[in-house]
Amino acid sequence: MTPKRKQKLFVILGLVSLAAIAVGLTLYALRANINLFFSPVQIAQGDAPMERQIRAGGMVKEGSVSRDPESLDVEFTVTDYVDDLQVYYSGILPDLFREGQGVVVVGELQADGRLYADKVLARHDENYMPPEVAQALEEAGYSPADYQAKAAEVGKRLDEEGVPQASEY
C-alpha cells in the first residue's frame, strides 16, 4: 500500500469514526428526552419502564382524590375502568381537573406501582379524549366512545351533586 493510499484510508476511517460517535451521542440525547404513553392496563401488565419519565392517561376515578390540607400534595387514581394507577402530585392542579374527567400525567413510575407526577394535564371537555388514551383503549379491546359516554355521565352527576372543581378548592 502506497503512503498516499494509507493516508486516504486513515482520513476515511477517522471520518467514519467521528460520524459514528456523533450518531451515538445524538441517539443517547434523544433517548433521555422521550416519554412514551402508557395506559393503566399496560402499566399493570408491566410494559412501562420503572424510574423513567413516562406519560399515563385515563379518567380520574370517582372518590379517589385526596388532598393534604397542609400542602399542595394530592393523591388520586387514574383508571381506564379495567386497571387503576395511583398517582401522587405536588403542585397546583389545572382548573379542569376533577373526578370523572380525563387526564394525562407525566412522571416516573416507581417500584411500588405508584406514579409520582411532575405534570398533570386535564382535557378540556367530556367529548375530547387524548389520541394516546383512545389508541391505548382500542389496543386493550375497549371502545373510546364507551368511556366518553361514561365520562359525560360522571361529569353530569358530579355537577348535580355540587362536587367542586379543582379551582374551587
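I take buried to mean under 20% relative accessible area, exposed over 50%, and partly exposed in between (1.4 Å probe, protein chains only). I am working on a predicted model, where local features need pLDDT of at least 70, side-chain atom pairs count only at pLDDT 80 or more, and totals for chains, interfaces and linings use all residues. Residues are numbered from 1 along each chain as its sequence is written, and side-chain values use heavy atoms, with hydrogens and water left out.

I started with Glu75, which is partly exposed at a relative accessible area of 32%. I found Glu75 in strand E4, residues 73-79; strands are DSSP runs of E with at least two residues, numbered from the N terminus. On the surface, Glu75 gathers with Asp68, Glu70 and Asp73 in a patch of negative charge. For such a patch, residues need over 30% relative accessible area and no salt bridge, and like charges are joined within 9 Å.

**Entry: aromatic pairs**

Next I looked up ring pairs, meaning rings of Phe, Tyr and Trp (its six-membered ring) with centres within 6.5 Å; planes under 30 degrees apart are stacked, over 60 edge-to-face, and the rest tilted. I counted 2 aromatic pairs by this rule. Phe76 and Phe97 have ring centres 4.9 Å apart and planes at 65°, so I noted them as edge-to-face. Phe76 lies in strand E4 and Phe97 in the loop between strand E5 (84-90) and strand E6 (102-109), so this pair ties together parts that are 21 residues apart in sequence. Both are buried: Phe76 has a relative accessible area of 0%, and Phe97 has 1%.

Tyr88 and Tyr116 have ring centres 5.3 Å apart and planes at 20°, so they are stacked. This pair links distant parts of the chain, with Tyr88 in strand E5 and Tyr116 in strand E7 (residues 115-122), 28 residues apart. Tyr88 is buried at 17%, whereas Tyr116 is partly exposed at 34%.

**Entry: salt bridges**

How many salt bridges does the structure hold? I found 2, taking a salt bridge as a side-chain nitrogen of Lys or Arg within 4 Å of a carboxyl oxygen of Asp or Glu. Asp84 forms one with Lys61, with the closest N and O atoms 2.7 Å apart. That pair links distant parts of the chain: Asp84 is in strand E5 and Lys61 in the loop between strand E2 (53-60) and strand E3 (66-67), 23 residues apart. Asp84 is partly exposed at 40%, and so is Lys61 at 35%.

Asp112 forms a salt bridge with Arg114, their closest N and O atoms being 3.6 Å apart. I noted Asp112 as partly exposed at 46% and Arg114 as partly exposed at 33%.

Conventions
Patches are made of residues with over 30% relative accessible area and no salt bridge: like charges are joined within 9 Å, nonpolar side chains (Val, Leu, Ile, Met, Phe, Trp, Tyr) within 5 Å. Accessible areas come from the Shrake-Rupley method with a 1.4 Å probe; for residues, only the protein chains shown count as cover. Lys and Arg count as positive and Asp and Glu as negative; His and the chain ends are not counted. The place of a charge is taken as NZ of Lys, CZ of Arg, CG of Asp or CD of Glu. Helices (H or I, at least four residues) and strands (E, at least two) are DSSP runs, numbered from the N terminus.
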